[in-house]
Structure formats: structure tokens, C-alpha cells
Amino acid sequence: MPEGLAQIGEVAERLGLSLRTIRHYEEVGLIVPARTQGGFRLYSEQDVQRLALIRRMKPLGFTLEEMRDLLEITDRLARDDDEPGLLARLQLFERAVAERADKLREQLAMAREFAEQLRRQRLNAPKRATLHDVR
């Protein structure tokens with residue numbers, strides 16, 4: 001295998017993604033790995049970083065189109081594209097991530113409160129005989 005390239009299984013394990021998920025991202029054009037003459041996918045470090053970015057966007061509810069847009073922005077910035085609109089578009093993503101993270105923190109706080117409420121109910125419930133107690 002060429003230096004610096006990884007097969008799909010290695011990438012999947014490294015990122016905690018399934019093979020199916022990585023193939024799906026390839027099918028929709030978010031990633032284009034190199035191929036061996038035998039057709040095996042080979043992923044560069046840049047490919048792995050693209051997949052890591054996608055993996056971070058997914059739980060925040062970004063669509064495939066939004067992922068594609070952000071990947072285009074990051075690719076162009078990496079090539080030193082100095083179009084002024086790129087940084088403004090990146091800033092919009094920064095704001096969207098912050099808003100979505102805030103919303104997730106609120107949901108997590110509600111989930112913790114709910115779990116604590118259930119725990120208190122269980123601890124304060126009258127003790128009832130169970131089949132185990134009867135024996």
C-alpha cells in the first residue's frame with residue numbers, strides 16, 4: 001500500500017464510523033478516495049480529516065448539502081482562495097454550530113433532570129413485595 005494511505009477498515013476503526021457510512025459519504029460525493037488497480041479504496045490523511053469533519057457535523061443535524069458546502073469552503077481556504085465571501089460563509093457555520101451546541105446542552109440538562117426525577121420516584125416509592133421477597 002502506498003505510504004500515507006489507509007484502507008477503509010482502518011479509517012472506519014480510527015473514526016468510529018461503519019464501512020457502510022463511509023461508502024455512503026462516497027456515494028453522495030462528500031469524499032472521493034483513491035483506488036488501487038484492484039478497486040480497493042485508499043484514503044489519504046486529507047480524506048480522513050474530511051470524514052472527521054462530517055462525523056462532527058452529523059450529530060448537530062447538518063444536512064448533506066450543508067456538509068458539502070462547508071467542505072467546499074474548507075477546501076478552498078486550504079488552497080489559499082482569498083474570496084472574501086468564504087470567511088463570511090465559514091462564520092455562518094461557526095454561529096450555527098454554537099446555536100446547535102447550546103440547544104443540545106439544554107436538551108442534555110432536561111434529560112438529566114428527568115433521570116434524576118425518575119431516580120427520586122424510585123427511591124421514594126413504597127416498598128412492595130416482589131416474587132423474590134416471597135420465596
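## Overall fold

The protein chain contains 6 helices and 2 strands, where helices (H or I, at least four residues) and strands (E, at least two) are DSSP runs numbered from the N terminus. In sequence order, these elements form the pattern α-α-β-β-α-α-α-α. With a radius of gyration of 23 Å, well over the 14 Å that the globule rule gives for 135 residues, the protein chain is more spread out than a compact globule. The radius is taken over C-alpha atoms, and the rule is 2.2 Å times the number of residues to the power 0.38. The C-alpha trace spans about 70 × 40 × 25 Å along its principal axes.

## Basis of the model

This is a predicted model, in which local features need pLDDT of at least 70 and side-chain atom pairs count only at pLDDT 80 or more, while totals for chains, interfaces and linings use all residues. Residues are numbered from 1 along each chain as its sequence is written, and side-chain values use heavy atoms, with hydrogens and water left out.

## Burial and contacts

Of the 135 residues in the protein chain, 24% are buried (under 20% relative accessible area, 1.4 Å probe, protein chains only). Contacts are defined by heavy atoms within 4.5 Å. Among those between residues at least 6 apart in sequence, 50% join residues at least 24 apart.

## Residue R76

R76 belongs to helix α4, which covers residues 64–78. R76 has a relative accessible area of 15% and is therefore buried. Leaving aside residues up to four places away in sequence, R76 touches D81, E83, L86 and R89.

Conventions:
Buried means under 20% relative accessible area, exposed over 50%, partly exposed in between (1.4 Å probe, protein chains only).
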